[in-house]
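User: I'd like to go through this one with you. Can we start with how the parts of a chain touch each other?
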Number of protein chains: 2
Amino acid sequence: MYNHFNVEKSWGPMKIEHPYLMFLGDAPDQLAAKTASGIVYWRRDWCLGQIKLSSCKADLGIPNMSIKEAKELGCRTLVLGIANRGGIIPETWTPTLVEALESGMDIAAGLHQRLEDLEEIRNIAFNNNCKLFDVRHPTTTFNVGSGVSRSGKRLLTVGTDCSVGKMYTALAIAKDLKSRGIPSDFRATGQTGIFIAGSGVSVDAVVADFISGATESLSPENNPNHWDLIEGQGSLFHPSYAGVTMGLIHGAQPDALVLCHEPTRSHMRGLAHQPIPDIKSCIDLHLNAAKLTNANAVCIGISVNTSGLSNEAERQDYLSDIESSTGLPAIDPVIDGVASITKFMK
Amino acid sequence: MYNHFNVEKSWGPMKIEHPYLMFLGDAPDQLAAKTASGIVYWRRDWCLGQIKLSSCKADLGIPNMSIKEAKELGCRTLVLGIANRGGIIPETWTPTLVEALESGMDIAAGLHQRLEDLEEIRNIAFNNNCKLFDVRHPTTTFNVGSGVSRSGKRLLTVGTDCSVGKMYTALAIAKDLKSRGIPSDFRATGQTGIFIAGSGVSVDAVVADFISGATESLSPENNPNHWDLIEGQGSLFHPSYAGVTMGLIHGAQPDALVLCHEPTRSHMRGLAHQPIPDIKSCIDLHLNAAKLTNANAVCIGISVNTSGLSNEAERQDYLSDIESSTGLPAIDPVIDGVASITKFMK
């Protein structure tokens, strides 16, 4: 078997160095650069610039830059934050990847195909002592979860479904706490989050026995007044991914849950036959699971993506109804901010 | 990377051919051969004989046999059903493994170290067109679970903890149904079960995103009157493994649950700080999870390993108490058989 020396293979979450140069390749439209856009939105100061192939149709609104220019500005990592048909790395990208490695940059990719499976790239990375990060593919080793109580405080975002704003909400809360001087870290559990945090674990890609253990290592013991803001995944009501969600909840041993919701869904994402749970049942089930490893877990608010509602009146009514029925603050983090949820966090 | 041609790598659960020759290596005591003993207990007719090294201290009570003799009797697979310090395959085993492969047998192992990672073994297997099965390491590809209802009936064993008789109970029910002519299959989700079934998936070893999908493929659509008897894993109350249990429940979409329990445990296996749940809560939580993909799921009985209770009176009292509090039949499958649980299955 080949030498893994240049593949990040160690214990615990992977760590990616910034600043980044964002590679957009030949992205056919803006949506294909969704991950890259998220990174720039949350970490503008980590992103020196973007580099594209001539056919690229996406733009991040940051300076175009050659590998050489980025390197002179101190760039550490070329980030491939683009979706591609089949998740493969086409040969047209090779010259840019090679130039980056030869200049001494690491490369981090969120594609299904692994950088480390490309022999040329692997060899050049090895020869230049550069690291290759395949953020969808954990290469590290974890212990089995123990459920033993850790010091420090933890918040986990959970959801009525997949793709309802769990990463956005955790990041918005992290930003809010930071602005108030409360010690905290965003903890990433998915590929976009890992680029934004610079570290993390794709928990849905670890071996099933280690879901809770990987989450424990992602959110280790900390100072008693420190908050980890952990990005949730899936939903206990999603028949495809609830196992991931369950292990993540137990490993996170959250003090606080925030439930994320998207009100216009008619069924669970990808499953036309599967109904969306109601908010109250969803809080109860996630909280009940959380109490296995943290008896004091509470739900502190509901974060709603209201962009699909037709007008401001409907939006206000919707949030008010949730507040009345749950007794908890309900906000759209993009429009309202998260302060009404975080006001009791200190 | 090396050629995977001789590694069983396809879609769905792995399939091991019998009859078996049981290799005991240099097992230091009977406990080290626990997996092999389980295979002989449940599949005596699949096991032609045993083969040992001179220092072996275990015995399965079946004929000693050379590779050549086993081959002449039609042996298809050499089974390594032994635990070993660190789960590695020592060099002292190599001559036997090589002889088996050169005679045309496949090899199946339940160790942490993979047969396919041993270059010599891999090459000889390839040259002799033999398969290597590492039952702890799924090499197959699964779809993400859909939760779509499948025809056929399914029973899943669940538990208050790990190692409380979930495999034994599923196998005892399978045997009972077979004796009554009810069409059924035992479906294995762990290593010993896979050797006993000749096929299956180590669900705790699949990538987290595919737990429920792997279980769906393990227990596919079937005739409406056919029962799959699915071996459970872990417990929703075990902080290390509940993610596996959750995905397994959703993928199994069980019509019937049987809860397994061991009454002398003072804490969850391996976790001194974690209390054992009470039977009623355990039924409720597992049933609630099952209802996500099968609204008609019911718990039909409790299977108790009473071997740790001090006498027959205590045993009877314990089972009676469970029956009174749950309204369900409670049995020890080894002593009482499973008929009182299975009498309504048809």
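Analyst: In this predicted model, 13 residues of domain 1 of chain A are in contact with eight residues of domain 2 of chain A.

User: Which elements give two or more residues to the domain 1 side of that contact?
Analyst: On the side of domain 1 of chain A that touches domain 2 of chain A, they are strand E1 (14-15) and helix H1 (34-42) of chain A. H1(A) gives the most, with four residues.

User: And by class, what is on that side?
Analyst: The side of domain 1 of chain A that touches domain 2 of chain A has six nonpolar, five polar and two charged residues.

User: Where are the domain bounds in chain A?
Analyst: Domain 1 covers 14-134 and domain 2 covers 153-342 of chain A. Their C-alpha centres lie 29 Å apart.

User: Switching to the two chains. How many residues of chain A are in contact with chain B?
Analyst: 31 residues of chain A are in contact with 31 residues of chain B. Helix H7 (211-218) and helix H8 (242-252) of chain A each supply at least two residues of the chain A side. H8(A) has the largest share, six residues. By class, that side of chain A has 18 nonpolar, eleven polar and two charged residues.

User: What rotation superposes chain A on chain B?
Analyst: A rotation of 180 degrees, with 0.0 Å of shift along its axis, and the RMSD is 0.0 Å. That is the relation of a two-fold axis. The same surface serves both copies, as 100% of the contact residues of chain A recur in chain B.

User: Now the sheet. What is the strand order in the six-stranded one?
Analyst: In chain A the order is E8-E10-E7-E11-E12-E13, an open sheet with parallel pairing. Strand E8 (184-187) and strand E13 (330-331) of chain A each have a single partner strand, so one side of each is left without a neighbour in the sheet.

User: How many bridges join E11 to E12 in chain A?
Analyst: Six bridges join strand E11 (residues 256-261) of chain A to strand E12 (residues 298-304) of chain A, and the two run parallel. As one example, Val258(A) has Gly301(A) in E12(A) as its bridge partner.

User: Which strands does helix H5 of chain A lie across?
Analyst: Helix H5 (residues 166-179) of chain A lies across strand E7 (153-159), E8, strand E10 (227-230), E11 and E12 of chain A. H5 runs at about 165 degrees to E8(A).

Key. Residues numbered from 1 in each chain as written. Chains lettered and ligands numbered in written order. Predicted model: local features only at pLDDT ≥ 70, side-chain atom pairs only at ≥ 80, totals over all residues. Least-squares fit on C-alpha atoms with pLDDT ≥ 70 in both. Contact = placed C-beta atoms within 7 Å. Domains from an automatic or database assignment. Nonpolar A, V, L, I, M, F, W, Y, C, P; charged D, E, K, R; others polar. Pairing = 2+ DSSP bridges. Axes fitted to C-alpha atoms, helices over the stretch in contact; angles between N-to-C directions.
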